[in-house]
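User: Hi! Could you walk me through this one? I'd like to start with how the chains meet.

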Amino acid sequence: MASTLWIGNIQFGGISVPVKLHAAVSQDRVQFHLLHKTDRVRLRQQMICKLDKAPVPAGEQVKGFQVDERKYVLIDAEELEQAEPEASRTIDVHEFVKTGEIDPVFVEHVYYLEPDASQKAYGALAAALKDMDAQGVCTWVMRKRAYFGALQSAGHALRLNVLRYTDEIVQANSLGLESFELSEKEVGIGCELIQKLTVHFEPGKYGNEHQKKLRDMIEKKAHGQKIALFTPKHLKPTEPGTLLDALEKSLKGAA
Amino acid sequence: MMMQHGKAKAARSNGKKTESAPHEAPAQGIWSGTVSFSLVAIPVRLVKLVEPGRISLHLLHAKDFSPLERAMFCPEEEKIVPQEEIIRGFEIEPGKHVLITGEELESVSPERSRTIEITEFIDIKEVDALYYDHPYFLVPLKGGEKSYRLLAEAMHRTARAGVAKFVLDDREYLVVIMSRDGALAVSTLHYSDEILPENALAPAAEASEENVIKKTIQGMMTGFTPEKYSNDRREKLLSIINKKVKKRAEVEAPEPEEEEAAEGVADLMSALEKSMRATKKGT
């Protein structure tokens, strides 16, 4: 099993459930290094002084909050520490909500929880959350950072969804989209087309074929073979005037 | 994992002449291309939907408070390497790389690198939050406003989301396209084989304490109000900063030279840095 990332204690209403955090997702993807074209040396990231155009070692770096153009208030390590949350091992559940209420856009990351000591309380909590279709809204401090999250059941196990803070989510009305008059006919055909193309979500059927193709290409190149170059496919945007026509043809095609 | 938009820019700047309307790709966009369903094609660009942490502290040079920026540095020649001299290499044995150009990368799945083709729609409620990776907004490009609105409205009315795959840089992403407050949002999803099984974690429950727990949960049921929870660290930092500003305890950085010329590089480098961090986080 994957290694334990952190150990904590779920607490609410006098109930305590000790748990261990594990990763829920593991990505194995082709990784590239960035190299210098001229000499193939692997590049390193460095902090460069804008004025000197030279790397600045960590010991010569300070942190500042920008208050005006070129004006900063310096924040030292001690002050940063003051802003740190108090260390704790408690996952405080403040309230419970129905599962469907949390917009998935809030979910930043997911951990699985493993029972640490008391199997009973853990199992009972997982079963209760599942039965009641509920999630526990909670906060905790992990590695000097304060987190906000939702506790939920996953099979017989518990899962901890790390949530984004509300002010980190950009609102659609800030995009400055113009409203656009649509005819009922166009929207109606659009809806019908979507209904026709609707299937159940089966995540298992989507494989990452690209990854294999990429590995094959690297293999070919490693053996000195030439790589055939293709131009990316570009679609011609549908003109507003021909939208209805495109929708009607699409619907006919889907029928 | 965040999309590696820094490298995407690198791939785009490789002097391709085949791209349509590159002038329409705004500097702040992460990606631009087309979203399509059936015979309808909507020109769009990708923008942020989440902005982590509003207080950002800048790194400064201790001696003169000149701001620092991230750059790719060649340790051999001890110099900053400009974007056009950076190439991807796949390490086949320690220190030995196969070089892969931007054109070669785009050739792996040329049909998916500029097009998000929705092939089917689903009920978004069927997607477990565990699959969600990183959300973005789509913004229509010139001429695409009407078809963009249509797709958003039709998906809203039918409570459906589109499923598609598309390639950005060296990654292929499984994505869902959703209607969100009149706009189109897109979220990358994890592939199912990246989701670890949870069944080894815990044995089936013994129900002895379940009733007590259920009663407690029932007593604590409420509506989800995320605004109640804020990042304390940010507030504490702001109060420290405010006190200092009142005391006028600020420093001034020297006037930078040729600010204009450096700007593009700085943006690209910070984007590169972000993408590298994202890569690390994902492993």
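User: What stands opposite A:Y72?
Analyst: In this predicted model, A:Y72 faces B:V251, which sits in strand 14 of chain B. Helices (H or I, at least four residues) and strands (E, at least two) are DSSP runs, numbered from the N terminus.

User: How many residues does the contact take from each chain?
Analyst: It takes 147 residues from chain A and 151 residues from chain B. Two residues are in contact if their C-beta atoms, placed from the backbone, lie within 7 Å. On the chain A side, helix 2 (residues 119-132) gives the largest share, 11 residues.

User: Let's stay with helix 2 of chain A. Which of its residues are buried?
Analyst: A:A121, A:Y122, A:G123, A:A124, A:L125, A:A126, A:A127, A:A128 and A:L129 are buried. Buried means that 20 or more other C-beta atoms lie within 10 Å of a residue's own, with exposed being 12 or fewer and partly exposed in between; C-beta atoms are placed from the backbone.

User: And what do they pack against?
Analyst: Among their partners are strand 2 (15-23) and strand 8 (107-115) of chain A, as well as helix 4 (210-219) of chain B. Just after helix 2 of chain A, A:D133 has a positive phi of about 55 degrees.

User: New topic: which residues have the most contacts inside the largest nonpolar core?
Analyst: A:L125, B:V175 and B:I177, in a core of 92 residues. Such a core is a set of buried Ala, Val, Leu, Ile, Met, Phe, Trp, Tyr and Cys residues joined through C-beta atoms within 7 Å. Helix 2 of chain A supplies the largest share of this core, 8 residues.

User: Where does that core lie relative to the domains of chain A?
Analyst: Domain 1 (6-25 + 84-167) and domain 2 (181-254) of chain A both give residues to this core, so it lies between them. Domain bounds come from an automatic or database domain assignment.

User: Which other core is there?
Analyst: Apart from that one lies another core of 22 residues, including A:M47, A:C49, A:V73 and B:C74.

User: Last thing: how should I read the numbering and the confidence limits?
Analyst: Residues are numbered from 1 along each chain as its sequence is written, and chains are lettered from A and ligands numbered from 1 in the order in which they are written. As this is a predicted model, local features need pLDDT of at least 70 and side-chain atom pairs count only at pLDDT 80 or more, while totals for chains, interfaces and linings use all residues.

Conventions
Two strands pair if DSSP finds at least two bridges between them.
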